[in-house]
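Trainee: I have a new model on my screen and would like to walk through it with you. Could we start with how far to trust it, then look at some details?

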Amino acid sequence: MVSAWFPRAGAVAFGACLSLAGHACAAELSKPVTFAKDVAPILQAKCETCHRKGTSAPMSLVTYAETRPWAKSIRERVISRNMPPWHIDKTVGIQHFQNDRSLSDAQIDTIVRWVNAGAPLGDVKDLPPAQVWPDEEGWQLAKQYGEPDLVIKSEPYTMPAQGQDVWWKPLADLPITEARWVRAVEMRPATPAGRRIVHHALAQLEQDEPGAASVAGGNGPGLFMEWAIGKQFDQYRAGSGKLLLPGGKIRWDIHYHAVGEPIRDHVELGIYLYPKGEEPKYRTRLSYWEAMSASTNIDIPPNTIAETQGFHVLRQAARLENFQPHMHLRGKAMSMEAILPDGSTRMLSHVDHFNFNWMNNYIYTDDAAPVLPKGTMIRITAWWDNTAANPNNPDPNQWVGYGDRTVDEMAHAWVNVTYLTDQDYKDWVAKNKSN
Ligand code: HEC
């Protein structure tokens with residue numbers, strides 16, 4: 001693997017001291033990199049949130065003693081950009097995300113040089129103070145908004161130690177008596193044990209709303225929230241939200257899989273509302289954009305790389321808030337492009353090393369979220385790797401088609417779409433023309 005990473009690490013180190021004179025640069029590069037001074041702050045900032053005691057990650061990376069045995073594995077994972085889990089191609093498309101947890105090139109370079117130098121501890125006096133982590137049980141959004149206004153629970157289910165995957169679809173009432181606007185939602189399996197058996201969970205909003213389907217681009221009135229490993233909450237941008245109507249219901253669709261011991265769990269949805277009377281101007285809808293003309297078209301021969309595309313027309317001007325590809329074990333890559341009414345094509349986002357364990361949601365920053373005119377065609381392209389080169393592939397000799405099980409395939413993107421009026425779009429163009 002050496003040749004695969006060295007040129008990049010070298011280039012980065014060089015880039016990092018471009019502003020220094022030649023000898024200063026050489027001195028910078030020859031400085032010993034130590035755990036205490038250089039690496040611990042990176043682990044605190046980018047790894048500990050998952051890698052500490054009591055989380056689902058395989059090991060803690062808090063102390064030197066805990067980290068040292070993993071040094072080589074850490075080098076491999078950060079060079080291949082598999083850890084932290086952030087699998088977007090950094091060379092094309094939009095690059096500004098609200099929730100970017102990736103390492104900078106300079107941070108990767110530091111870790112690589114530390115491991116190459118034998119992973120020394122250095123002077124313990126340089127160690128940063130230990131980080132204090134909030135207890136896992138709380139809602140992540142509570143810091144910002146306090147406790148959720150509504151908490152909706154799915155009916156509990158007991159997954160046996162062994163057995164086929166289960167899709168559990170109970171129904172829950174929305175406890176509201178008047179229309180309310182949602183500004184954020186968070187979803188989670190209720191217990192740490194539950195996190196092991198929930199593959200993903202959907203909360204579909206069922207409410208009486210004639211005509212809504214046509215606006216949503218064929219997606220029906222409302223998929224509310226989708227949870228998968230690595231995705232916990234959605235927050236709507238200032239001035240936008242989702243609308244809940246009295247009498248509405250949440251239709252759960254929870255995908256459980258057996259892990260060798262029986263586990264009972266439920267999934268919870270925390271809903272944060274706009275204050276009564278405060279109505280956001282825009283309504284955001286979660287769209288389900290497939291990478292083919294119909295799901296049943298998936299046809300992946302054994303030992304091949306397969307590709308497929310799907311097209312979706314924006315019937316109104318819109319802002320796209322995020323990109324979240326969904327595929328299963330053979331998933332390799334997915335891109336989202338905009339084919340504009342003038343015929344030009346713009347790459348929005350490309351996840352080039354998709355990993356089934358991580359259904360990352362890439363949320364654009366306010367400034368970076370693309371605003372597209374009415375009539376834009378969104379092209380979703382997906383690639384599957386059904387060869388032995390894919391480490392997640394359970395059997396490259398199988399033909400694979402569409403299905404719910406992880407050994408079957410899917411390919412779609414979840415995208416929160418905020419539809420704009422023609423006037424808003426014109427105003428936006430006028431404002432942004434100059435830059
Ligand atoms: C969002 C949570 C999360 C973050 C952030 C994260 N990890 Fe991980 N890491 C995991 C989980 C879960 C696994 C096991 C599943 C997998 O390999 O994908 C893992 C696996 C690993 C492994 C492989 C362990 C093995 O069994 O071989 C290494 C090495 C690693 N992480 C290093 C890091 C480093 C270094 C960082 C920070 C620069 C980091 N991770 C950030 C969650 C995370």
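Mentor: Happy to! One term to begin with: pLDDT is the predictor's confidence in each residue, on a scale from 0 to 100.

Trainee: What is the mean pLDDT of the protein?

Mentor: Remember that this is a predicted model. Of the protein's residues, 87% reach a pLDDT of 70 or more. The mean pLDDT is 87.

Trainee: Over which residues does pLDDT stay under 50 while the model has twelve contacts beyond four places in sequence?

Mentor: Where pLDDT is low, the predicted coordinates should not be read in detail. Please keep that in mind for the stretch you ask about, residues 1–16.

Trainee: Is His328 buried or exposed?

Mentor: His328 sits in the loop between strand 16 and strand 17. Buried means under 20% relative accessible area. Because the relative accessibility of His328 is 0%, His328 counts as buried.

Trainee: Which residue has its backbone oxygen 3.0 Å from a polar atom of the His328 side chain?

Mentor: His328 touches several residues beyond four places in sequence, including Phe354, Phe356, Arg405 and Met410. The backbone oxygen at 3.0 Å belongs to Asp408.

Notes:
Residues numbered from 1 in each chain as written. Predicted model: local features only at pLDDT ≥ 70, side-chain atom pairs only at ≥ 80, totals over all residues. Heavy atoms only, no water. Contact = heavy atoms within 4.5 Å. Helix = DSSP H or I, 4+ residues; strand = E, 2+ residues; numbered from the N terminus. Buried < 20%, exposed > 50% of the residue type's maximum accessible area, 1.4 Å probe, protein only. Polar contact = N/O pair within 3.5 Å; in protein donor to acceptor, adjacent residues only side chain to side chain.
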